[in-house]
Amino acid sequence: MKILSVIRTMDLKLGGPPEVLRNQISHINSKKKIIYVLKVKLLSYFYLFKILFIKSYRLKFYRFLKKIDIIHFHEIWSLKIIIIIYLANKLLIKHFFVGHGYLDEWSLKQKLFKKLLFAFIFLKPAISSSSAFFCSTKKEYVDIKKNFKINNTFIIPNGINFDQFKKRNLEHKKIKKIKKILFFGRIHEKKGLKILIEAVKDLPQSYFDNFLFEITGPGSIKENIKLKKLIKKYSLEKKVLLNPPILRKDKVEYLKKFDIFVLPSYEEGDSIALKEALASYLPVIISKQCRLNIVEEYKAGIEIETNKKSLLNALMRLKDLDLIKMGYNARKLIEDKYENKVCSQRLLNVYTDLINTTKNSEDWVQD
């Protein structure tokens, strides 16, 4: 079995997809190399057009593709992907997309005309030609079906690699006077950072005797400038620290420094940063669009509406909550539901089904 995972880049700046793919590879490739990675950022349009129009290049690429059983696309809004699908269809190679939040309602409304045009001409035919469609949550599946015809859908959540996130004791945190609230992820309008800053602006001064906010993550120069201007506009420089992104190898130790995780996102597919925070014993404040309402069932966090008032109320509640107990609950949630070895094995079972044209996995959606 050979799987070609096609992704824009494995760079941290892309956000969750590279980390999701790394987790899948860590288990599935542990005994035998099955997944191979193709980074489309390294493929120029000039090279792809030569493949399309020059026979010698095309035959060479065909020889490469013929070694592959399934192509798993982690990228959607790209003409490069469409070209690869066109070539894969010529060879009758099975392929499928994973949503990663790229087809949610909020994302579809951004650059609306361009996306409608691209979807009509390229994306809908590409999805129709796919052998399956991969969703991370049932809610994502329901939302995508509103705008796209998807068949042979399977639902598997993103898993967390416990080889990285070890068990630990939180007793030392009880003596901390100032608790640190962290946004950890890509700096992007979609993540609701404007809502967070406006909520912080309305907190009473006394709140900061006990809490401090930090924002850490990669983002474009434009997005970082916008965020800095907003923080400066409300004179929050001493209350909200804006940090540069950290190296991936330092992530686990970095998360241990914090006490609460906040993600007031407008839309998420299945946030890996959120699950990493839960695995790091952090109680969370998340929007309903994070599609993880189970945090309230486990008493591991607070689910909010995506607006300033709802977030402000949740932040004010923190003073009266047992954050240590919630932290242990957060870890238990991940251990119970999102262990990477289990989630990745489920994906491997689906790969096997696709190759054998069977549906033995319980993760297939019964339409």
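What share of the contacts in the protein with a separation of 6 or more comes from residues 24 or more positions apart? The share is 74%, where contact means heavy atoms within 4.5 Å.

The structure is a predicted model, in which local features need pLDDT of at least 70 and side-chain atom pairs count only at pLDDT 80 or more, while totals for chains, interfaces and linings use all residues. Residues are numbered from 1 along each chain as its sequence is written, and side-chain values use heavy atoms, with hydrogens and water left out.

**The whole chain**

Begin with the C-alpha trace, which spans about 70 × 40 × 35 Å along its principal axes. Colouring by secondary structure shows 15 helices and twelve strands, which are DSSP runs numbered from the N terminus (helices H or I, at least four residues; strands E, at least two). Of the 367 residues, 56% count as buried; buried means under 20% relative accessible area, exposed over 50%, and partly exposed in between (1.4 Å probe, protein chains only). The protein exposes about 17,700 Å², of which carbon and sulfur atoms supply 55%; areas come from the Shrake-Rupley method with a 1.4 Å probe, and for residues only the protein chains shown count as cover.

**The nonpolar cores**

Next, select Phe213, Leu278 and Leu315, the residues with the most contacts inside the largest nonpolar core, which has 64 residues. Such a core is a set of buried Ala, Val, Leu, Ile, Met, Phe, Trp, Tyr and Cys residues joined through side-chain atoms within 4.5 Å. Neighbours within four places in sequence aside, the contacts of Phe213 include Ile181, Leu196, Tyr207, Val240 and Leu315. A second, separate core has 39 residues, among them Val40, Ile68, Phe97 and Leu103.

**A surface patch**

Move to Tyr45, Phe49, Phe53, Ile54 and Tyr57, a nonpolar surface patch with about 490 Å² of accessible area together. Its members have over 30% relative accessible area and no salt bridge, and nonpolar side chains (Val, Leu, Ile, Met, Phe, Trp, Tyr) are joined within 5 Å. Helix α2 (residues 45-53) gives the largest share, three residues. Phe53 lies in this helix and is exposed, at 67% relative accessible area.

**Salt bridges**

The whole structure holds 24 salt bridges, each a side-chain nitrogen of Lys or Arg within 4 Å of a carboxyl oxygen of Asp or Glu. Select Lys251 and Glu276, whose closest N and O atoms are 2.8 Å apart. The pair links distant parts of the chain, 25 residues apart: Lys251 is in helix α10 (residues 251-255) and Glu276 in helix α11 (residues 272-279). Lys251 counts as buried at 6% relative accessibility, as does Glu276 at 4%.

Turn then to helix α14 (residues 323-337), where Arg331 and Glu335 lie four residues apart, about one turn of the helix. Their side chains meet in a salt bridge (2.9 Å, N to O). Arg331 is buried at 4%, whereas Glu335 is partly exposed at 28%.

**Last stop**

Finish at Ser344 in helix α15 (residues 340-356). Ser344 is buried, with a relative accessible area of 2%. Apart from residues up to four places away in sequence, Ser344 touches Asn23, Gln24, His27 and Ile28.

Conventions
Patches are made of residues with over 30% relative accessible area and no salt bridge: like charges are joined within 9 Å, nonpolar side chains (Val, Leu, Ile, Met, Phe, Trp, Tyr) within 5 Å.
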